[in-house]
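Subject: Structure handover

Hello,

Here is the structure you are taking over. Please have it open while you read the notes.

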Amino acid sequence: MRIATWNVNSVRQRLDHLVTWLRDCSPDIVCLQEIKCLDEAFPREPIEALGYNVVTHGQKTFNGVALLSKYPLEEATPRLAGDDEDLHARFIEGVVSLKSGVVRVACLYLPNGNPVETEKYPYKLKWMSRLQEFTKLRLKTEEPLILAGDFNVIPAAADAYNPAAWTNDALFKPETRASFQTLLGLGMTDALRAVTDEPGQYTFWDYQAGAWQKNWGIRIDHLLLSPQASDKLIDVGIDKYVRAWEKPSDHVPVWIDLDLETA
């Protein structure tokens with residue numbers, strides 16, 4: 001089973017890219033972030049034509065997440081628990097039943113948190129605390145769990161071309177990285193770092209200053225796996241080539257292959 005995540009940075013603007021990549025990569029489950037449209041405006045038809053079930057949690061102009069699955073999505077639940085006043089469309093969870101049991105996938109778009117001197121940074125840290133509580137609860141089920149999405153977290157210096165440039169940024173502040181490590185400490189595994197220690201494994205390149213051409217990237221899109229999922233991990237990949245397409249997203253897809261019986 002292949003599970004992927006991609007911050008598409010407006011699904012309607014990148015629909016051709018998305019459809020092309022879905023055909024090329026053929027993932028079983030896809031987590032999309034920053035769809036930037038209401039549910040009713042999501043371009044379902046060309047995606048459903050490729051055999052995907054689609055559930056969305058959208059928001060006009062900003063944020064928005066979606067789950068695409070070649071298998072029926074059960075218990076599709078929007079919103080991250082812990083703050084009834086948080087109306088941002090940043091989270092959706094779905095369950096897929098396979099021959100081997102259920103797989104639970106949470107698609108998330110974690111707050112950026114900048115500028116750090118504003119209320120945006122405490123909101124980011126609170127959101128991460130809510131994600132920790134969600135994860136604790138889900139880990140008790142001892143089911144394969146995948147947290148996939150744009151975490152807006154650079155976990156370590158090896159995950160940035162120029163770590164010094166990010167020192168005071170919300171994505172790399174010590175409190176941010178510590179919160180991410182807390183997630184791992186609960187028992188989650190950073191899929192990419194389970195298969196390679198190599199630096200330069202980037203998933204985002206800014207549109208400014210020729211960052212893509214110079215490979216000034218960062219790794220902020222992650223798939224975190226519960227023990228029941230990490231035990232089944234076969235491979236991880238970053239589809240960097242899509243960043244070279246015309247008018248691309250500033251993020252690229254990341255995927256994992258799990259040894260799960262799907263029939």
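Predicted model: local features only at pLDDT ≥ 70, side-chain atom pairs only at ≥ 80, totals over all residues.

Helix α3 spans residues 120-139 and has 20 residues. From its first C-alpha to its last it reaches 28 Å, close to the 28 Å expected at 1.5 Å a residue. Its buried residues include Tyr121, Lys124, Trp127, Met128, Arg130, Leu131, Phe134 and Arg138. Among the elements that cover the buried residues of α3 are β6, β7 (101-109), β8 (145-150), α4 (174-185) and α7 (227-230).

Next is leucine 80, which sits in the loop between β5 (74-78) and β6 (91-98). Leucine 80 counts as buried because its relative accessible area is 6%, and the cut-off for buried is under 20%. Leaving aside residues up to four places away in sequence, leucine 80 touches Phe91, Trp127, Arg130, Leu131 and Phe134. Leucine 131 is 51 residues from leucine 80 along the chain, and their C-alpha atoms are separated by 7.3 Å. Trp127, Arg130, Leu131 and Phe134 are also among the buried residues of α3.

The other residue is threonine 5, in strand β1 (residues 2-7). Threonine 5 is buried, with a relative accessible area of 0%. Its side chain reaches the backbone nitrogen of glycine 149 at 3.3 Å. With residues up to four places away in sequence again not counted, the residues that threonine 5 touches include Cys31, Gln33, Ala148, Gly149, Asp150, His222 and Val252.

Regards

Technical notes: Residues numbered from 1 in each chain as written. Heavy atoms only, no water. Helix = DSSP H or I, 4+ residues; strand = E, 2+ residues; numbered from the N terminus. Buried < 20%, exposed > 50% of the residue type's maximum accessible area, 1.4 Å probe, protein only. Contact = heavy atoms within 4.5 Å. Expected span 1.5 Å × (residues − 1). Polar contact = N/O pair within 3.5 Å; in protein donor to acceptor, adjacent residues only side chain to side chain.
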